[in-house]
Amino acid sequence: MSGLQHTFREVYLTHFDFVWGALRRLGVREQDAQDVTQKVFIVVYMKLPAFENRSSLRTWLYRVCLNAASDYRRSAPIRREVATEPTELDSLSGFREDVHEDGESRRRVAVAETILSKLPEAQRLVFVLFELEEMSGTEIAELLGISVGTVRSRLRLARDVFTREAKRVSAQNEAPRKQAL
Amino acid sequence: MGDPERLLKSGAADREVRELLQSMRELAPAPRMGVASWGAMAAKVATLPTVVPAPGSALPVPVSSASAGISHALALKLVAAALASTFLGAGAYWYHVVQRVHASAANAPASAPVAAQVAPAAISQVTPADEDATNPAPAPSSAGPGAANSATRGSRLDAEASMLAKVRSQLHAGDPHAALATLNQMQSAFPNGQLTQERDVLAVEVLAANGNTAAAKRKANAFIAAHPSSPHSAKLERFVESR
């Protein structure tokens, strides 16, 4: 095994979970996440010799994830089975008190993914980077090549939609529970 | 003005919003998925010889898996330094190749004017006759645009990476003419591929190795202007300054 392959192995094993999670939050479906993660690491392997530590390794990896996720979404619209219509979204809101905590977590993920999929791509990216990846406005601006002002305006719009939709789903959850009482 | 408070940490945010975001934050693969999938990944990259040592340059310093004391950053720096030495330290090798190509160019005048027309944003195209003369072996089926269109996304990336590796191999084997032909095939097959930056950087090397230093510099400058923050730009700046 060459030096590059040794280094790549360490990068792969150390950052696999990070890349997988980042891709999921960027809209890659769970059943496709491992496949897209492998594609990311193929690109990483090819580009690794050019990495010169100008940015952190994680920032660099995230940039590759952004491209891969963008490519994934652009090239496979049919594969995106995440519900986008209100009626489909509503079907995810059936809350049951007896569901296992893991099941509840999965339901929340499905709801969040559905809401995120309703956002315009530019707003979604900024929202995910700020709220979920906890990057600063300046970092996001540099990563996406936009101004900090644009980051903030996109974030504001995305927050409005996300909050509104989350409340709507929550209200629909509450209705059957009240009826049951 | 600073960033707004994140919804997850904001007491003002609705509970349901925070719960949804928290679930997304906690997304993680199944335990040990990375370890379990390493074998398949290793087999895949084993066919992608990214760093091919030029004559006189050393391979990157091996980083033992047991060398826990070496940070990833340091290991990556070693790899980057080795590549830089490959790129810059191979001047003598390039000079040798350039001289050889200059000599062959005198016998193949058709290729010279074509190379001279290289636009900064495009790789020069060689004529079919040049391809036949310099790359007699039939191109792999994945190389053609038709094949590329029918390939799946995964195999497209594999094919693109393989072509990039082939260009490198041809270049470092002292056959820059064949490398240019393969590069042209790659440009046609993957005009918007995932490795376009690597291809463009390699194109600078290939053009220089073919003796077309002016085109190489133009392409390098175009790349630097288009990608000022790319790690490749630093190498290309050094290349331009050295010419």
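Colleague: Is E134(A) buried or exposed?

Modeller: E134(A) is exposed, because 12 other C-beta atoms lie within 10 Å. The model is predicted, so local features need pLDDT of at least 70 and side-chain atom pairs count only at pLDDT 80 or more, whereas totals for chains, interfaces and linings use all residues. Residues are numbered from 1 along each chain as its sequence is written, and chains are lettered from A and ligands numbered from 1 in the order in which they are written.

Colleague: Where does E134(A) lie?

Modeller: E134(A) belongs to the loop that joins α6 (121-132) to α7 (137-144) in chain A. Helices (H or I, at least four residues) and strands (E, at least two) are DSSP runs, numbered from the N terminus.

Colleague: What phi does E134(A) have?

Modeller: The phi of E134(A) is positive, about 55°, although this residue is not a glycine. Most residues other than glycine have a negative phi.

Colleague: And what about R32(B), what is its phi?

Modeller: R32(B), which is not a glycine either, has a positive phi of about 65°. R32(B) sits in the loop between α1 (15-25) and α2 (33-45) of chain B, and it counts as exposed with 10 C-beta neighbours inside 10 Å.

Colleague: Changing topic, how many helices and strands does chain A have?

Modeller: Chain A has eight helices and zero strands, in the order α-α-α-α-α-α-α-α from the N terminus. Of its 181 residues, 40% are buried.

Colleague: Why is α2(A) described as largely enclosed?

Modeller: Of the 18 residues of α2(A), 13 are buried, so the rest of the structure largely encloses this helix.

Colleague: At what angle do α1(A) and α3(A) cross?

Modeller: The axes of α1 (residues 3-25) and α3 (residues 57-75) of chain A cross at roughly 40° and come within 10 Å. This makes α1(A) oblique to α3(A). Axes are lines fitted to C-alpha atoms, for helices over the stretch in contact, with angles from 0 to 180 degrees between N-to-C directions; under 35 degrees is roughly parallel, over 145 roughly antiparallel, 65 to 115 roughly perpendicular and the rest oblique.

Colleague: Which residues meet there?

Modeller: On α1(A) they are H15(A), F18(A), V19(A), A22(A) and L23(A), and on α3(A) they are R58(A), L61(A), Y62(A), C65(A), A68(A) and A69(A). These residues divide into nine nonpolar, one polar and one charged. Nonpolar covers Ala, Val, Leu, Ile, Met, Phe, Trp, Tyr, Cys and Pro, charged covers Asp, Glu, Lys and Arg, and the others, Gly among them, are polar. Contact requires C-beta atoms, placed from the backbone, within 7 Å.

Colleague: How many helices and strands are in chain B?

Modeller: Chain B has twelve helices and zero strands, and 38% of its 243 residues count as buried. Residues 24 or more positions apart supply 58% of the contacts in chain B with a separation of 6 or more; in chain A the corresponding figure is 67%.

Colleague: What is the crossing angle of α9(B) and α10(B)?

Modeller: The axes of α9 (residues 176-189) and α10 (residues 196-209) of chain B cross at roughly 150° and come within 9 Å. These helices, α9(B) and α10(B), are therefore roughly antiparallel to each other. P176(B), A179(B), L180(B), L183(B) and M186(B) of α9(B) make the contact with R199(B), L202(B), A203(B), V206(B) and A209(B) of α10(B). By class, this contact has nine nonpolar, no polar and one charged residues.

Methods. Contact = placed C-beta atoms within 7 Å. Buried ≥ 20, exposed ≤ 12 C-beta atoms within 10 Å, placed from the backbone.
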